[in-house]
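My entries follow in the order in which I made them.

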Amino acid sequence: MTKTIGILETGRLPEALLPRHGSYPAMFERLLAGHGFAFRSWPVLDGAFPPMVDACDGWLITGSRHGAYEDHAWIPPLEVFIRDAVAAGIPMVGICFGHQIMAQALGGKVEKFAGGWGLGASSYEIDGLGAVTVNAVHQDQVTVLPPGAENAGHSAFCAHAAIRFSPHAWSLQPHPEMDSVFLADLLAARREVFPATDISGAEARLDRPLDQSPIAALMAAILSGQKTPAATGRALD
């Protein structure tokens with residue numbers, strides 16, 4: 001039986017990128033293609049929410065230009081939805097902003113990182129995968145884990161790069177849905193936002209191979225109802 005994954009859209013791409021790359025939901029549908037899912041999406045940033053937490057078999061929360069700590073009318077109901085879905089044991093995966101809002105909703109802390117931007121192909125150690133390379137685009141980070149959550153991945157730049165909230169709730173700070181072509185276009189479109197030195201560094205790594213497929217397989221396994229990988233050797237906050 002085909003499982004339906006609900007994509008909670010919390011951000012939109014720059015207009016210049018839409019014709020070539022589509023929306024965040026479209027990017028995640030491409031990433032997870034071949035894993036047997038059907039998809040529905042809700043633009044929660046417009047206040048459009050699923051009717052109930054069991055309306056889909058699993059949930060995926062996208063990235064966003066917004067901060068989890070910002071004052072937007074749609075953020076509190078999204079946090080309630082996250083808490084209710086996790087409490088009900090419905091599979092949930094969050095990416096970048098999704099990672100951060102899951103942590104905040106469940107009692108953790110998100111802050112603008114004093115170390116600046118994480119931008120471009122970056123190396124991570126992720127429980128269940130080992131060493132992987134993924135594109136990052138973020139300035140905010142989870143700085144305090146929620147009670148009972150486990151650190152499930154890290155990098156030299158990002159201490160809490162993956163989090164295991166429960167056996168069926170997991171999140172990741174970098175962007176497995178962003179390939180090198182997308183990142184090159186994003187860097188060109190957002191030169192007024194990213195520091196010039198960070199852009200130069202990210203552009204120099206555009207030819208680095210990315211581990212999108214193994215991360216997609218892990219996401220698909222969790223969204224299908226398999227348990228999140230157990231944390232291995234990273235202390236809890």
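**Entry 1: M92 and the cores**

I listed the contacts of M92, leaving aside neighbours within four places in sequence, and found W59, I61, F81, I82, A85, V86, M102, H168, A169, W170 and I222. Contact here means heavy atoms within 4.5 Å. The model is predicted, so I note that local features need pLDDT of at least 70 and side-chain atom pairs count only at pLDDT 80 or more, while totals for chains, interfaces and linings use all residues. Residues are numbered from 1 along each chain as its sequence is written, and side-chain values use heavy atoms, with hydrogens and water left out.

I then looked up the largest nonpolar core, which has 30 residues; L8, W59, I82, M92 and I101 touch the most other members. β3 (58-61), α3 (75-87), α4 and β10 each supply at least two residues of this core, and α3 gives the most, with 6 residues. Another core of 28 residues lies apart from it and includes I7, F28, I95 and V132. A nonpolar core is a set of buried Ala, Val, Leu, Ile, Met, Phe, Trp, Tyr and Cys residues joined through side-chain atoms within 4.5 Å. Buried means under 20% relative accessible area, exposed over 50%, and partly exposed in between (1.4 Å probe, protein chains only). Helices (H or I, at least four residues) and strands (E, at least two) are DSSP runs, numbered from the N terminus.

**Entry 2: strand β11**

I checked which way the side chains of β11 (residues 169-172) point: A169 and S171 go one way, W170 and L172 the other, and all are buried. In a regular strand the side chains alternate between the two faces of the sheet. For pairing, I used the rule that DSSP finds at least two bridges between two strands. β4 and β11 run parallel and are joined by 4 bridges, with G94 opposite S171. β10 (residues 162-166) and β11 run antiparallel, also with 4 bridges, and form a hairpin with 2 residues between them. On that side, S171 is the bridge partner of I163.

**Entry 3: C96**

I found C96 in the loop between β4 (92-95) and α4 (97-105). Its phi is near 55 degrees, a positive value in a residue other than glycine. C96 counts as buried because its relative accessibility is 5%.

**Entry 4: T10**

T10 lies in the loop between β1 (3-8) and α1 (18-21) and is buried, with a relative accessible area of 0%. I looked for polar contacts (pairs of N or O atoms within 3.5 Å; within protein, one must be able to donate a hydrogen and the other to accept it, and residues adjacent in sequence count only if both atoms are side-chain atoms). A polar atom of the T10 side chain lies 2.9 Å from the backbone oxygen of T62, and the T10 side chain reaches the backbone oxygen of G63 at 3.1 Å.

**Entry 5: N135**

I located N135 in strand β7 (residues 130-138), where N135 is buried at 2% relative accessible area. A polar atom of its side chain lies 3.0 Å from the backbone oxygen of M178.
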